[in-house]
Amino acid sequence: GPMAETLALKSVGATTRITRTPQEIGASGTENYNGWLVGLDYNSLLAPPHGFTIYDEMRRSDPQVHASLEILKLPLLSATWEVQPPDTPTPQEQELTDFCQAMLLEQGAMTETWDFILRHMLLLLDFGCSTLEKAYVLKETPFGEKVTLDRLAPRLPTTLERFRVDERGKLTHVVQRALKQDGQGGGTYRTIAIPASRVLHLVHRREGDNYFGESMLRSAYKPWLFK
């Protein structure tokens, strides 16, 4: 039942008992020192976050690289996106479906268009990961006064610096180094720790607790360099 899903095995001597707190003995093997990830790539030039600069050059300077990324992205960008209810939905399920459709995908639902948001999500192919911060707002909707997403605000991969985790390797904070606007035409560079609960963090080919992931361009680096 639902309660069983919260239970885990805990070894006590030669026996095993069930506890309500998940218990783990081993570790993923990802080296994380206060959020700094090391040993992610044998080529130090491509180890994030330094590799982001090279991947950015590859995608901007080489038409074959650009075309390869577009081949992967365009089917998703050109698709018709919609929220679908379950089969034979109850009135509540249908209302929830209509609400999500209106608040996520319809014109004017959020500050930016769904196409804009999706393009930033798909940066995980270029760089290996993509982060968007969830910003909520209380507003009047056709469904009454509701808390909805105001933005899925891009936090560009090139600004990502560290990933703090708990003792189980679960993500707790995304740390970025970025220019924070002051609203008066300027700003200051800051180290900003965003709680994991406030972000949508997408990872391509995540291995262990490597929240940088792996760029689709990683295996193309050597032929691109020779070219």
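This note sets out numbered points on the structure above.

1. Basis. The structure is a predicted model, in which local features need pLDDT of at least 70 and side-chain atom pairs count only at pLDDT 80 or more, while totals for chains, interfaces and linings use all residues. Residues are numbered from 1 along each chain as its sequence is written, and side-chain values use heavy atoms, with hydrogens and water left out.

2. Overall form. The protein has six helices and ten strands (DSSP runs, H or I of at least four residues for helices and E of at least two for strands, numbered from the N terminus). Its C-alpha trace spans about 60 × 60 × 40 Å along the principal axes.

3. Burial and charge. Of the 227 residues, 33% are buried (under 20% relative accessible area, with a 1.4 Å probe and protein chains only). The protein carries 25 positive and 28 negative side chains, and the centres of the two sets are 6 Å apart (Lys and Arg positive, Asp and Glu negative, with His and the chain ends not counted; charges placed at NZ of Lys, CZ of Arg, CG of Asp or CD of Glu).

4. Aromatic residues. Seven aromatic pairs are found in the whole structure (rings of Phe, Tyr and Trp, the last by its six-membered ring, with centres within 6.5 Å; planes under 30 degrees apart are stacked, over 60 edge-to-face and the rest tilted). The rings of Tyr-221 and Trp-224 have centres 6.1 Å apart and planes at 35 degrees, so this pair is tilted. Both residues are buried; they stand three residues apart in helix α6 (residues 221-226), a separation of about one helical turn. One aromatic cluster is formed by Phe-52, Phe-127, Phe-163, Tyr-211 and Phe-212.

5. Asn-43. This residue lies in the loop between β4 (36-38) and α1 (51-61) and counts as buried at 18% relative accessibility. The Asn-43 side chain reaches the backbone nitrogen of Leu-45 at 3.0 Å. Not counting residues up to four places away in sequence, Asn-43 touches Arg-218 and Tyr-221 (contact meaning heavy atoms within 4.5 Å). Tyr-221 is also a member of the tilted pair in point 4.

6. Leu-160. Located in strand β7 (residues 160-165), Leu-160 is buried, with a relative accessible area of 2%. Leu-160 and Phe-52 are 108 residues apart in sequence, with their C-alpha atoms 9.7 Å apart in space. Leaving aside neighbours within four places in sequence, the contacts of Leu-160 include Phe-52, Cys-129, Val-174, His-201 and Phe-212. Phe-52 and Phe-212 also belong to the aromatic cluster.

Technical notes. Buried means under 20% relative accessible area, exposed over 50%, partly exposed in between (1.4 Å probe, protein chains only). A polar contact is a pair of N or O atoms within 3.5 Å; within protein, one must be able to donate a hydrogen and the other to accept it, and residues adjacent in sequence count only if both atoms are side-chain atoms.
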